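Subject: Structure handover

Hi,

Here is the structure I promised to pass on to you. Have it open while you read, and my notes will follow below.

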Amino acid sequence: MLLFVMRHGHAEPLGKSDETRALTEDGRAEVAGVCKERASELAQVKTLWASPFVRTRQTAKIVADTFGLTVEIQELLTGDTPVDQLLDAIAQADPSVFPLMLVSHQPLVGRLVNGLCGSGDEHPMGTASLACVRSDVWATGCAELEWLQHRP
């Protein structure tokens, strides 16, 4: 099964609250560029989960609009969720939702990708970075990194 993990695009500086930070125009362009670069792969996505924060919802909307998907908001995709809790949710997901795409934050996306692949901190996840991992079992050290795309 395939799992796509994306970090939101570049966002405004911290203002009133972290939850309300929006994407900048550059951030929108980063996300659109990654979607264009990986269009054939992302066309496979069946389900799109996003954090409830504004910048991740905006990132997911760009993906959804590009590929005809619906965004499902998942509270567990906020950046401070323990990776094990997210892995449990992914493992319990019906196989029909895969390929699944997650749009979230650091440090969660980095910990998830590196944890699944057993790679320490080898795979950085900058803004608008997109990783594709393959696994039959969603557990630490059980996945293989297919590719990692950084913003164009």
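Which residues of helix 1 meet which residues in helix 3? From helix 1 they are Arg28, Val31, Ala32 and Cys35, and from helix 3 they are Gln58, Thr59, Ile62, Val63, Thr66 and Phe67. Contact here means heavy atoms within 4.5 Å.

Before going on, please note that this is a predicted model, in which local features need pLDDT of at least 70 and side-chain atom pairs count only at pLDDT 80 or more, while totals for chains, interfaces and linings use all residues. Residues are numbered from 1 along each chain as its sequence is written, and side-chain values use heavy atoms, with hydrogens and water left out.

Back to the helices (DSSP runs of H or I, at least four residues; strands are E runs of at least two, and both are numbered from the N terminus). Helix 1 (residues 25-37) packs against helix 3 (residues 54-67) at an angle of about 35°, with the axes 10 Å apart. Axes are lines fitted to C-alpha atoms, for helices over the stretch in contact, and angles run from 0 to 180 degrees between N-to-C directions. The contact of helix 1 with helix 3 divides into 6 nonpolar, 3 polar and 1 charged residues. Nonpolar covers Ala, Val, Leu, Ile, Met, Phe, Trp, Tyr, Cys and Pro, charged covers Asp, Glu, Lys and Arg, and the others, Gly among them, are polar.

Another helix pair is helix 4 (residues 83-92) with helix 5 (residues 108-117), packed at about 65° with axes 10 Å apart. In this pair, Val83, Leu86, Leu87 and Ile90 of helix 4 meet Leu108, Arg111, Leu112 and Leu116 of helix 5. By class, that contact has 7 nonpolar, no polar and 1 charged residues.

Now the sheet: it is open, has 6 strands in the order 3-2-4-1-5-6, and its pairing is mixed. Strands pair if DSSP finds at least two bridges between them. The edge strands, each pairing on one side only, are strand 3 (71-73) and strand 6 (144-149). Strand 1 (residues 2-7) runs parallel to strand 4 (residues 100-104), joined by 5 bridges. Met6 has Val103 in strand 4 as its bridge partner.

Finally, the search of the whole structure finds 2 aromatic pairs. Phe4 and Trp147 form a tilted one, 5.9 Å centre to centre with 50° between the planes. Because Phe4 lies in strand 1 and Trp147 in strand 6, the pair ties together parts 143 residues apart in sequence. Rings of Phe, Tyr and Trp (its six-membered ring) pair if their centres lie within 6.5 Å; planes under 30 degrees apart count as stacked, over 60 as edge-to-face and the rest as tilted.

Best wishes
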